[in-house]
Protein chains: 2
Amino acid sequence: MTLNPNFQALKASYLFADIGKKVREYQAANPGADVIRLGIGDVTRPLPRASIEAMHKAVDDMARAETFVGYPTDAGIHFLEDAVIADYALRGVALAQDEIFLSDGAKSDTGNIGDIFGTDNVVAVCDPVYPVYVDTNVMAGRKIILLPCNAENDFAPPLPGEHADIVYLCSPNNPTGTAMDAAQLKAWVDWANAHGSVLLYDGAYEAFITEGLPRSIFEIPGARTCAIEFRSFSKTAGFTGVRCAYTVVPKELQCGGVSVNALWGRRQATKFNGVSYITQRGAEATFTPEGRAQVRANIAYYLNNAGTIRAGLQSLGFRVWGGVNSPYVWFAAKHGMGSWELFDLLLNEVQVVGTPGSGFGPAGKGYFRLTGFGTAERTAEAVERIRGRLG
Amino acid sequence: MTLNPNFQALKASYLFADIGKKVREYQAANPGADVIRLGIGDVTRPLPRASIEAMHKAVDDMARAETFVGYPTDAGIHFLEDAVIADYALRGVALAQDEIFLSDGAKSDTGNIGDIFGTDNVVAVCDPVYPVYVDTNVMAGRKIILLPCNAENDFAPPLPGEHADIVYLCSPNNPTGTAMDAAQLKAWVDWANAHGSVLLYDGAYEAFITEGLPRSIFEIPGARTCAIEFRSFSKTAGFTGVRCAYTVVPKELQCGGVSVNALWGRRQATKFNGVSYITQRGAEATFTPEGRAQVRANIAYYLNNAGTIRAGLQSLGFRVWGGVNSPYVWFAAKHGMGSWELFDLLLNEVQVVGTPGSGFGPAGKGYFRLTGFGTAERTAEAVERIRGRLG
């Protein structure tokens with residue numbers, strides 16, 4: 001047998017694994033250290049009460065033969081797709097049930113979507129970028145080009161200067177926290193339609209938008225012929241430990257007369273067996289009035305943390321992006337300090353864990369990411385610790 | 001952009017989708033018909049009580065910040081891997097924690113595993129075969145050869161007569177219900193080690209073994225250098241609607257000095273984000289004394305159904321395989337009747353849904369599969385209906 005040779009082109013390990021290792025080593029060497037983790041984008045608030053109640057009920061459904069649900073894909077249940085359709089409708093976006101594909105996570109889907117595309121496609125990603133877009137395409141052997149995002153373009157991805165078949169866009173962005181407005185998205189949709197390219201639009205953080213920006217690429221005219229959208233309950237409703245997401249593939253999206261929707265449907269029917277019934281009931285509950293209010297309260301809590309970080313860093317004279325429509329705060333180190341240099345300084349001297357911007361790509365060099373996903377108390381303390389060292 | 005051209009080589013639709021369509025059409029035309037479904041291999045018994053209780057507790061854990069669990073892969077939780085290790089140890093198989101990869105299903109894993117292998121590998125599958133092995137490798141563009149299983153070899157897969165790099169083995173087998181003994185497995189392990197090939201061993205039905213056969217390929221000396229094993233809670237514990245499985249990749253499995261374990265770990269870290277904490281707690285509970293007893297009772301129930309089908313068909317003069325170490329009963333149609341011909345006859349005349357053997361590959365022509373996953377009452381009735389028509 002042979003192994004997939006493209007794996008040799010991957011960087012040796014995954015960014016967050018590297019960070020985890022550094023933190024573990026620090027804690028082993030300093031057992032009493034009080035480390036505050038504002039690095040990886042994991043949530044900390046409990047699940048919305050509405051989801052808890054719905055999942056208890058769903059667990060009970062699985063305890064009785066009359067209400068038991070087997071393979072979700074064969075059970076003919078579509079309550080979650082219907083709830084998603086109703087949610088999109090609130091933004092004026094009309095979707096059909098078979099345009100929504102439930103999954104266990106946007107990470108899985110943004111990686112697995114590559115299965116349906118040729119390996120000869122050129123893939124464009126923002127730089128800095130969520131590493132999954134790059135690594136999954138390296139594994140498939142695709143050529144990758146970078147769209148440099150930086151202080152000059154305010155971390156808004158520029159249209160490609162060379163040919164690109166597939167473009168990953170993430171807005172609000174991970175890691176920079178910036179969000180695109182309707183005009184910026186329209187420029188991308190027009191470009192994709194003009195070039196026969198496809199936009200892979202990662203909207204995992206749409207719930208954090210506060211400034212009236214589009215929540216979905218499908219709010220933009222023309223997107224149905226050129227875009228696939230990924231969404232998740234992970235950051236919206238705190239489902240990182242529950243696993244539920246969905247991908248929207250419009251039927252108008254075609255390539256050489258072949259339906260991309262049908263191809264993704266075939267991929268999922270062959271390599272995936274549906275989302276846990278219990279999970280689906282928990283996710284459905286986030287769309288009820290109570291669920292929505294509870295989700296909004298959690299989002300507000302995280303945004304408040306992000307605001308604390310943003311204001312704190314700005315008061316220290318840092319140039320800061322994000323933290324307004326996003327849980328992520330992105331800032332430039334000062335005095336030419338490198339990303340990992342700042343990581344080590346914050347870990348070793350004030351026991352605050354962030355994410356080195358350079359881990360997200362060459363354009364992230366000299367930048368750093370902190371997240372609003374901690375508790376309010378610990379976030380405030382982290383900011384004070386940073387102030388004490390860098391103020 | 002271009003699409004993956006290999007998708008054009010796929011058959012137009014998935015076997016079980018075709019069957020579902022036929023049944024829906026029949027029911028639409030005959031609204032009062034009392035259809036008994038013994039086709040698709042979905043379970044019908046409620047979850048074990050131990051799992052229900054564990055999942056309620058886990059849901060409550062997610063309701064409090066102190067016990068909340070985010071990304072399962074980052075949470076440092078390994079209770080389910082530890083329970084799996086202890087379970088393997090009961091069979092004399094020693095595994096390390098990082099040789100066990102949890103997932104949302106064996107279907108996902110048996111498909112996704114292809115990501116780490118070169119597309120130039122020749123893949124051997126049994127004929128008849130679970131369609132996922134074939135379709136996922138067609139999608140990747142690999143050459144596939146068939147290992148004909150038939151009445152002459154008692155549906156035991158013969159060693160390949162030509163070169164094969166990757167071999168899928170499923171025992172107890174889906175669809176034929178036959179199970180390999182230690183000598184047969186040893187022949188495969190020796191062959192794989194001699195040829196530098198890898199065995200992808202699907203043990204999803206191991207809990208149904210009643211005749212003292214090996215439960216794991218790793219009970220066979222030499223398997224750690226040539227085999228990957230897939231297991232699932234779907235058929236064991238009724239988790240088809242809950243989604244939990246695991247794949248074992250031993251560290252001794254290497255290719256050109258590269259660790260296959262490390263490659264799969266990298267694939268999963270990049271394209272997967274772990275199994276729901278609630279699901280993991282439910283799965284863990286199946287290994288407690290109460291959970292084991294409840295699982296055994298469910299398995300015994302399904303095996304009893306399979307025995308009813310097997311005995312009924314044998315009394316009608318059919319040649320029958322399976323149904324002893326498996327929920328699946330496989331039998332040859334009589335009088336030269338084709339698989340789909342028998343499917344239509346049973347659906348239209350006695351309202352029993354089975355699975356046409358020809359849907360599993362050319363060697364399945366003239367065969368038919370029924371499953372023990374129904375209720376005892378309905379299974380007995382289905383057998384009586386068949387007796388009334390074919391007796």
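Guide: Buried area is the accessible area (1.4 Å probe) that two parts lose on being put together, summed over both. By that count, chain A and chain B bury about 6500 Å² between them. Of this, 60% lies on carbon and sulfur atoms. The model is predicted: local features need pLDDT of at least 70, side-chain atom pairs count only at pLDDT 80 or more, and totals for chains, interfaces and linings use all residues. Residues are numbered from 1 along each chain as its sequence is written, chains are lettered from A and ligands numbered from 1 in the order in which they are written, and side-chain values use heavy atoms, with hydrogens and water left out.

Visitor: What makes a residue part of the contact?

Guide: Contact means heavy atoms within 4.5 Å. Chain A gives 76 residues and chain B gives 76 residues.

Visitor: Why is the meeting of Arg266(B) and Asp135(A) called a salt bridge?

Guide: The term asks for a side-chain nitrogen of Lys or Arg within 4 Å of a carboxyl oxygen of Asp or Glu. Here N to O is 3.0 Å, so the pair qualifies. Across the interface of chain A and chain B, the rule finds two salt bridges.

Visitor: What makes you say that the same surface serves both copies?

Guide: Of the contact residues of chain A, 100% recur in chain B.
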